[in-house]
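Student: I would like to take a close look at the surroundings of the ligand. Could you please describe that part and then relate it to the rest of the chain?

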Amino acid sequence: MALIALASAKGAPGVTTTSLLLGALWPRPVVVAECDPSGGDVATRMPGADGGALDPQTGLLSLAAAGRRSLYPELVDAHTQQVVGGLEVLLGPPFPEQAGGLQTAWPQLGPLLARLPQHDVVADLGRVGALTPQNALLASADAVVLVVDTAPSSVVHLRHRLRPVSDAVGGAYGAPLHVAVVAPPKRTQTVREIRDALTATDVALAGVHHLAYDERGAHLFQGQTVARPDKLALVRSAGPLVSELAAAVAHGSPQPGPSAADVAPAPAPPGATAGPDHGSWTGAHR
Ligand SMILES: Nc1ncnc2c1ncn2[C@@H]1O[C@H](COP(=O)(O)OP(=O)(O)OP(=O)(O)O)[C@@H](O)[C@H]1O
Ligand SMILES: [Mg+2]
């Protein structure tokens, strides 16, 4: 199915959090793949679906080892794990030192993850720089979301990275580039200014979206339980982005997607509490 790649240009604006959020709200079966060679965070942040710890040795590295001779889609299932709430995750290498084990796998991972027969993949690429090896995945992406915070230096770094990322996805006819600006809900003017700064380059952007800076919402992806997740500013703010992306990558052509209202209450973000008053968070959707 489709590969949606998330990345930042610099700093830690929330790529991992946003990847898990998109995965939790995604309207089709999905795997979140931690393709960040600087070391994964999900295993240390999130409990498994049974409340126990995730196995940090099962993930991208074990997949690459198992597929040393031939990496094919049917292998992937055995290396994913469910986090609390039911989301399927392919854990990244725990530490940068271990990411060397992926050296020969990076070029194969994009084509593999972009064409899983039953799942879309949301890939957390971490920071993409001039020489980072996970850049190889961009060539296979069906859509890219660049995450940025409101610091002027972050916006400047992202502006510089737009051209290389656009070239990596195949230029104007390649995958659409979206930007998610993580900003407090009321800072709409700041987001408008960032949109203006980013759209004033020669790289066409498919959308610049405002994602709420919301500490309670982010706690969901730190393994904490939060009541009424559907009411959280972070969850609500992601609805339009999820709808737009899911529609754009469905079978490679734009299709009507779910509305923001439809999207938010569907699958459960990790840590969502469900009960008589807690809406219809239903958990795994594999
Ligand atoms: N929308 C948000 N609102 C509030 N806090 C957030 C949001 N997104 C992320 N955070 C917080 O910011 C910190 C960094 O988030 P995260 O790990 O997702 O960033 P990252 O870009 O993946 O960083 P890194 O480059 O280190 O992998 C975490 O403490 C996270 O809880
Ligand atoms: Mg991260």
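Tutor: The shell around ligand 1 draws at least two residues from each of helix H1 (15-25), strand E5 (120-127), strand E8 (207-212) and helix H7 (215-219); helices (H or I, at least four residues) and strands (E, at least two) are DSSP runs, numbered from the N terminus. This is a predicted model, in which local features need pLDDT of at least 70 and side-chain atom pairs count only at pLDDT 80 or more, while totals for chains, interfaces and linings use all residues. Residues are numbered from 1 along each chain as its sequence is written, and chains are lettered from A and ligands numbered from 1 in the order in which they are written.

In total, 21 residues surround ligand 1, and the closest are Ala12, Gly14, Thr16, Thr17 and Ala218; a residue belongs here if its C-beta atom, placed from the backbone, lies within 6 Å of the ligand. By class, the shell has nine nonpolar, seven polar and five charged residues. Ala, Val, Leu, Ile, Met, Phe, Trp, Tyr, Cys and Pro count as nonpolar, Asp, Glu, Lys and Arg as charged, and the others, Gly among them, as polar.

Strands E5 and E8 also belong to an open sheet of eight strands, ordered E3-E4-E2-E5-E1-E6-E7-E8 with mixed pairing; two strands pair if DSSP finds at least two bridges between them. Strand E3 (81-82) and E8 stand at the edges with a single partner strand each, so one side of each lacks a neighbour in the sheet.
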